[in-house]
Amino acid sequence: MMNEPAVVMKDVMKSFDGGKDYVLKGINMEIPRGSLTAIIGFSGTGKSVMLKHLLGLYKPTSGSVRVLGTDLSKLSPDQLTKFRCRFGVLFQSAALFDDNTVLENVCFPLYEHRRDLKEAQVVRIAEQKLEEVGLDPKHFGKLPSQISGGMQKRTGLARALALDPEILIYDEPTTGLDPILTEMVDNLILSTHKSRPGTTSIMVSHDLSAAFRIADHIVMLDSGKVLLFGTPEDFFKTDIELVKKFVNKGMKHQ
Amino acid sequence: MSGFLASTREVGLELTLIDRTLGGVSWIGAWVIKFAKGVIEEAGKIGLFFFESIRLIFDKPSRFTEIIRHMEFVGNQSIGIICLTGLFTGLALSFQIYLGFKMFNAVNMVGPVVALGITRELGPVLTGLIVAARAGGAMAARLGTMRVNEQIDALDVMGVNTKQYLISPRIVAAFICMPLLTAVFDFVAMVGSWILCVRLLQMDEAVFWQKIRDMIDVKHINEGLLKSAVFGIFFALICTYRGFNTTGGAKGVGDATNQGVVQSMVAIIILDYFLTNLIRFYYNMMGIS
């Protein structure tokens with residue numbers, strides 16, 4: 001079981017209107033354990049929908065999604081809720097709780113799932129995670145609205161790391177950031193991935209240069225299907241016209 | 001020949017008229033069916049949402065701290081506005097009833113009539129409307145903002161049961177706080193009535209209280225408190241449902257808040273009528289006068 005890929009999607013189809021139109025039209029892919037995989041594609045190709053299937057937030061209309069050896073469609077809602085503790089997610093907006101301080105945001109998942117820990121232990125772990133992502137302790141007591149976008153991303157990542165997840169998911173982590181901040185977040189993702197061998201990282205991104213620079217594997221979606229799954233080299237060597245066009249245009253813009 | 005053509009034209013016009021009338025009727029019928037279907041579907045969704053939220057109250061982990069936090073918001077922070085509106089409701093209602101009863105030389109009955117009206121009707125209804133607007137609106141807006149800012153998704157993927165964490169404590173808090181706030185409203189409104197009748201209109205204080213004691217029973221107060229607990233459940237349910245299912249950014253949050261508050265207020269007024277009848281029916285069944 002341990003050799004099974006972190007994620008296996010088989011013939012996954014998804015329709016939101018009773019089968020008239022499909023957003024995902026038969027996704028087949030395997031994401032190896034311990035790899036850093038980037039999911040790329042034009043807007044509206046089903047990247048976010050696919051991500052929500054991985055997290056068990058959506059159920060496929062047909063097909064199956066196996067994550068860490070478990071078929072998500074076979075889990076009850078309560079089992080699924082518990083299963084999600086094995087994920088850590090950094091959202092596009094960081095999605096921090098705005099009435100909690102930076103430290104409280106990172107403590108939150110620990111309070112929820114590590115009830116065996118004393119408060120001092122929870123705080124110590126949270127502080128360690130925040131330091132791990134490079135946040136200065138002077139910001140720990142601030143509210144999310146009082147820190148910069150980059151610091152919010154760091155806090156979001158520290159919160160995602162709090163429970164030492166087996167799969168780390170980055171949902172468009174650099175969208176809307178300036179080039180310097182984008183590079184900082186990319187490096188943070190790479191260093192986090194390297195410092196946690198065995199952790200599978202999945203990044204949905206529009207940032208092609210980052211995807212090619214840091215990812216082990218890249219998945220390109222088009223019209224709800226996997227157009228190409230391979231290493232960055234595979235993408236440069238491919239003959240698929242749409243991939244070549246996407247890669248060339250994307251790299252030119254960045 | 002021309003007569004034949006004229007009669008044919010008349011028949012044609014009649015057929016067109018019948019056709020249009022039938023078309024109109026079928027359009028209205030289709031609209032009614034669609035509307036009824038929408039209402040039933042929405043009621044079903046709210047019902048499921050409610051029962052799941054109630055079931056989750058008893059699930060682990062306990063959300064006691066969250067319940068207390070929301071009680072502080074729904075209850076404690078509403079006391080000021082409840083006291084203010086209660087006082088002026090008592091003053092205004094007493095004055096209106098005094099003006100009416102003066103015509104029949106029955107001013108001694110102002111106190112008990114105000115007390116009956118406040119404890120059984122105005123207390124729970126006005127408290128419900130005020131708290132639904134203040135706390136219910138805030139619930140819908142808060143949850144709506146959390147939804148559009150992906151905070152609810154973040155809770156979901158952190159393995160937190162979002163309904164248990166966000167919805168159930170709010171419903172419990174509203175259920176507990178509403179009767180307490182109604183009791184405060186009743187008390188302050190009666191203080192208002194006392195100020196007007198005894199202090200401003202120089203009515204006999206002993207008679208004022210004695211008449212209230214003669215005519216008001218604990219069951220009247222209980223009736224209002226029971227209604228207010230139900231109002232609490234309903235406004236919290238409607239507002240959290242609207243907020244939790246918000247879609248579409250800032251506009252969606254505004255819409256959810258608007259819908260939550262308006263629907264809660266309408267529900268409170270409609271429910272009040274049915275609850276009043278239900279409680280009367282229960283009292284009659286139990287032989288309570």
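Start with A38 of chain A: it stands opposite M203(A) in β8(A). Those strands are β3 (residues 36–41) and β8 (residues 200–204) of chain A, pairing in the parallel sense over 4 bridges. Strands pair here if DSSP finds at least two bridges between them. Strands are DSSP runs of E, at least two residues, helices are runs of H or I, at least four, and both are numbered from the N terminus.

A word on the source. This is a predicted model: local features need pLDDT of at least 70, side-chain atom pairs count only at pLDDT 80 or more, and totals for chains, interfaces and linings use all residues. Residues are numbered from 1 along each chain as its sequence is written, with chains lettered from A and ligands numbered from 1 in the order in which they are written.

Now the whole sheet. It is open, with 6 strands and mixed pairing, in the order β6-β7-β8-β3-β9-β10 of chain A. Which strands are at the edges? They are β6 (87–90) and β10 (225–230) of chain A, each pairing on one side only. From one strand to the next, the twist averages 20°. Helix α5 (residues 149–161) of chain A packs on this sheet and touches β6 and β7 of chain A. The direction of α5 makes about 175° with that of β6(A). Axes are lines fitted to C-alpha atoms, for helices over the stretch in contact, and angles run from 0 to 180 degrees between N-to-C directions. Contact means C-beta atoms, placed from the backbone, within 7 Å.

Next, domains. Chain A splits into domain 1 (1–68 + 166–254) and domain 2 (96–165); the bounds come from an automatic or database assignment. Their centres, over C-alpha atoms, are 26 Å apart. Domain 1 of chain A puts 10 residues into the contact, and domain 2 of chain A puts in 8. On the domain 1 side, α6(A) gives the most, with 5 residues. By class, that side has 8 nonpolar, 1 polar and 1 charged residues. Nonpolar means Ala, Val, Leu, Ile, Met, Phe, Trp, Tyr, Cys and Pro; charged means Asp, Glu, Lys and Arg; the others, Gly among them, are polar.

Over to chain B. Helices α2 (residues 64–74) and α6 (residues 162–200) of chain B pack at about 50°, axes 8 Å apart. The contact includes H70(B) and M71(B) of α2(B), and R170(B) and C177(B) of α6(B). It has 10 nonpolar, 1 polar and 2 charged residues.

Last, the chains together. The contact takes 16 residues from chain A and 12 residues from chain B. Chain B's side divides into 5 nonpolar, 4 polar and 3 charged.

Conventions: Contact = placed C-beta atoms within 7 Å.
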